[in-house]
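Hi everyone, thanks for making time this morning. Let me put the structure up on the screen, and then we can walk around it together.

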Amino acid sequence: LLFSKIILSDFIANLTMENKIDISVIIPMYNSEKYIENTIDSIISQEAHGLNYEIIVVDDFSSDNSREVVRSLKNDKIILVELEKNGGLSNARNTGIKIAKGEWLEFVDSDDKICNDLFKKFESSLKEDINCYVFSIIREYPDSNLKQTITDVKDKRAFAYLFGVWNKFIKRDICVEFKKNFLFEDNIFNIEMMNKNEIKISLIDDAYYIYNCNNEHSIMAKFNNKEYLKMYFYIYYQIDKSDELTKMYILEIFVGILFSGKMPFFMSLKVATKTLFKLYRFIPRVYLNGIRNSVINTQI
């Protein structure tokens with residue numbers, strides 16, 4: 001009887017391990033019929049690895065054939081969630097977070113791709129006491145590609161390198177929700193993650209995310225000044241709640257906007273000046289220990 005109980009216990013343990021989800025890939029989707037199959041294929045075509053994963057596609061009430069494309073793929077790794085009304089990118093991602101079963105979360109946009117050795121590399125990089133892994137990206141433009149290489153991880157500010165949420169594996173139990181009704185929600189998410197968690201970060205060398213800058217329908221295809229200011233002022237009023245490293249990050253990125261060329265000069269000057277006035281005492285520390293040299297841009 002004891003032997004039978006041991007066998008049953010081992011069987012249940014093995015079954016539990018087989019059903020354990022290591023990675024939940026969350027893909028918010030809206031009118032992406034042109035891209036979504038390639039996006040999903042980049043995930044299910046990964047090189048051999050020992051991780052179990054699920055792909056959660058949250059359709060944000062698309063008006064094209066995006067849902068039909070996903071259904072046609074007929075893969076048991078794919079979970080298609082169909083929202084009954086359009087709620088925006090943050091709402092779609094939050095929906096994915098709520099149903100995710102994976103120990104780790106990865107966010108992939110529905111017109112982007114991941115390199116086919118990412119999961120293999122992630123598996124070989126896993127360490128104790130790390131709750132976030134970051135990696136570099138490649139931005140695809142019509143005429144050239146830009147590789148943005150993270151060279152080192154100084155501290156938790158590395159969580160927000162490259163400003164997006166798609167170059168990371170994040171432990172599900174530390175992931176906060178995305179702020180709704182913002183177009184630049186990634187910046188807010190990064191700041192709130194830095195404020196609300198003890199983030200222990202490790203770097204996965206090389207670029208594994210391919211960011212599509214060719215999609216003319218992308219939210220980021222046309223820079224929205226009003227929405228950027230809306231995001232900025234939300235973050236500005238979080239400064240007093242932030243620790244010193246987060247304040248250093250905010251100072252550096254919002255002064256750096258002066259040199260981005262994405263906004264009208266007087267608008268970027270307003271953002272930079274307001275930030276400097278609030279955080280001027282951190283200038284020496286940012287000068288000596290900034291993040292500006294931790295990412296190298298290379299045309300490829």
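Which residues does Cys-132 contact, once we set aside its neighbours within four places in sequence? The list is Trp-104, Phe-159, Lys-168, Phe-169, Ile-199, Lys-200, Ile-201 and Ser-202. Please keep in mind throughout that this is a predicted model. Cys-132 itself lies in strand 6, which covers residues 132-140. Is Cys-132 buried or exposed? Its relative accessible area is 0%, and the cut-off for buried is under 20%, so Cys-132 counts as buried. For a sense of distance, take Leu-73, which is 59 residues from Cys-132 along the chain. The C-alpha atoms of that pair are separated by 30 Å.

Leu-73 brings us to a pair of helices. Two packed helices are described by the angle between their axes and the distance between the axes. Here the pair is helix 2, residues 36-44, and helix 3, residues 66-73. Their axes are 9 Å apart, and the packing angle is about 35 degrees. The crossing of helix 2 past helix 3 is right-handed. And which residues meet there? From helix 2 we have Ile-36, Glu-37 and Ile-40, and from helix 3 we have Ser-66, Val-69, Val-70 and Leu-73. Sorted by class, that contact comprises five nonpolar residues, one polar and one charged.

Let's step off helix 3 into the loop that runs from there to strand 3, residues 78-82, where we find Lys-74. Lys-74 is a residue other than glycine with a positive phi, near 45 degrees. With a relative accessible area of 75%, against a cut-off of over 50%, Lys-74 counts as exposed.

There is another positive phi to show you, at Phe-163. Again this is not a glycine, and the value is about 75 degrees. Phe-163 sits in the loop between strand 7, residues 145-150, and strand 8, residues 168-171. Its relative accessible area is 44%, so Phe-163 is classed as partly exposed.

That loop between strand 7 and strand 8 also holds Asp-152. Asp-152 is partly exposed too, at 29% relative accessible area. What does Asp-152 touch, not counting residues up to four places away in sequence? Its partners are Tyr-161, Leu-203 and Ser-294. As for Thr-275, 123 residues from Asp-152 along the chain, the two C-alpha atoms are separated by 26 Å.

Now back to helix 2, and on to the loop that connects it to strand 2, residues 53-59, where Glu-47 has its place. Glu-47 has 32% relative accessibility, so it counts as partly exposed. How are Glu-47 and Asp-117 placed, given that they are 70 residues apart along the chain? Their C-alpha atoms are separated by 5.4 Å. Asp-117 is also one of the residues Glu-47 touches, and the others are Asn-116 and Lys-120, again not counting residues up to four places away in sequence.

Next stop is the loop between helix 8 and helix 9, residues 265-279, where Leu-258 lies. At 26% relative accessibility, Leu-258 is partly exposed. Leaving aside neighbours within four places in sequence, Leu-258 is in contact with Phe-265, Ser-268, Leu-269 and Ala-272.

Last, let's look for empty space inside. Rolling a probe the size of a water molecule over the atoms shows where empty space is left. How many cavities of 30 Å³ or more does a search of the whole structure find? The search finds one. The largest cavity holds about 30 Å³ of space. Its lining is made up of Ala-160, Asn-187, Asn-190, Ile-191, Ile-235, Tyr-249 and Ile-253. Which helices each supply at least two residues of that lining? They are helix 6, residues 185-196, and helix 8, residues 244-256. Helix 6 gives the most, with three residues. By class, the lining of the largest cavity has five nonpolar residues, two polar and no charged ones.

That's my tour, so over to you for questions.

Definitions and conventions:
Residues numbered from 1 in each chain as written. Predicted model: local features only at pLDDT ≥ 70, side-chain atom pairs only at ≥ 80, totals over all residues. Heavy atoms only, no water. 1 Å grid on protein atoms, 1.4 Å probe; cavity = no way out; pocket = protein on both sides within 12 Å on 5 of 7 lines; lining within 4 Å. Points joined across faces, edges and corners; volume = space filled by probe spheres on them. Helix = DSSP H or I, 4+ residues; strand = E, 2+ residues; numbered from the N terminus. Nonpolar A, V, L, I, M, F, W, Y, C, P; charged D, E, K, R; others polar. Buried < 20%, exposed > 50% of the residue type's maximum accessible area, 1.4 Å probe, protein only. Contact = heavy atoms within 4.5 Å. Axes fitted to C-alpha atoms, helices over the stretch in contact; angles between N-to-C directions. Left-handed = near helix turned anticlockwise from the far one by under 90°.
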